[in-house]
Amino acid sequence: MFAAATALGATPIAVAQASSPQIEASVSIVQGQVDAFNKGDLDAFASYYAEDVELFDLGPELKPNLSGRAALIARYKPMLTKYHPKATILSRMEADGFVIDKERTEAGGRSSEGVAIYQVEFGKIRRVWFTP
């Protein structure tokens, strides 16, 4: 395509690399919480989230269904201790502090797939949106 565009007189434009320190940091944070989740390490898992984290289900409701790290711990503690879930990242995209994962989670003999959109701010996961 580059050769054809040049032959037609177009000026070539360099394409910027998709990687940057911000993107790499955001991906590292999201991957860290996935790893802690898979190990069942609730303290490490929660440490990746901001104190005022908000979780949302994508849909018409605009209010978070969970607010705060304490609520996050309360929700995930029974799941991590009783069912020992494992998440597998099927695909990942990242842009400007957002990490979008297509995930498969297996727990208690059941499996489900969905998408999670993580917003990373100041080194912590600040908001998460989940597909229904």
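Helices (H or I, at least four residues) and strands (E, at least two) are runs assigned by DSSP and numbered from the N terminus. The model described here is predicted, with local features needing pLDDT of at least 70, side-chain atom pairs counting only at pLDDT 80 or more, and totals for chains, interfaces and linings using all residues. Residues are numbered from 1 along each chain as its sequence is written, and side-chain values use heavy atoms, leaving out hydrogens and water.

Strands of a sheet pair through backbone hydrogen bonds, either parallel or antiparallel. Two strands are taken to pair if DSSP finds at least two bridges between them. In this model, six strands form an open sheet with mixed pairing, in the order β2-β1-β6-β5-β4-β3. The edges are held by β2 (66–67) and β3, each with a single partner strand, so one side of each is left without a neighbour in the sheet.

Moving through the sheet, β3 (residues 86–95) and β4 (residues 98–107) run antiparallel and are joined by nine bridges. Here Ala87 has Thr105 of β4 as its bridge partner. The hairpin of these strands has two residues between them, and Asp96 takes a positive phi near 50°. Another antiparallel pair is formed by β5 (residues 110–121) and β6 (residues 124–130), over six bridges. Within β6, Val128 is the bridge partner of Tyr118, while Phe130 stands opposite Ala116. This hairpin also has two residues between its strands, and Phe122 in the turn has a positive phi of about 50°. By contrast, β1 and β6 pair in the parallel sense, over five bridges, and Tyr49 stands opposite Ile125 in β6.

Next comes helix α4 (residues 69–82). Its 14 residues should span 20 Å at 1.5 Å a residue, and its end C-alpha atoms are 20 Å apart, which agrees; the expected span is 1.5 Å times one less than the number of residues. A kink of about 35° lies at Tyr76, shortly before Pro78, the bend being the angle between axes fitted to the seven residues ending at a residue and the seven starting there. The helix lies across β1 (49–57), β2 and β6, running at about 60° to β1. For such angles, axes are lines fitted to C-alpha atoms, for helices over the stretch in contact, and angles run from 0 to 180 degrees between N-to-C directions; contact means heavy atoms within 4.5 Å. Arg69, Leu72, Tyr76 and Leu80 of α4 are buried, where buried means under 20% relative accessible area, exposed over 50% and partly exposed in between (1.4 Å probe, protein chains only). After α4 comes His84, with a positive phi near 50°.

What lies inside? The largest nonpolar core has 24 residues, and those with the most contacts inside it are Phe45, Tyr49, Leu72, Tyr76, Tyr118 and Ile125. At least two residues each come from α2, α3 (42–47), β1, α4, β5 and β6, and α2 gives the most, with seven. Such a core is a set of buried Ala, Val, Leu, Ile, Met, Phe, Trp, Tyr and Cys residues joined through side-chain atoms within 4.5 Å. Leaving aside neighbours within four places in sequence, the contacts of Tyr118 include Val30, Tyr49 and Ile125.
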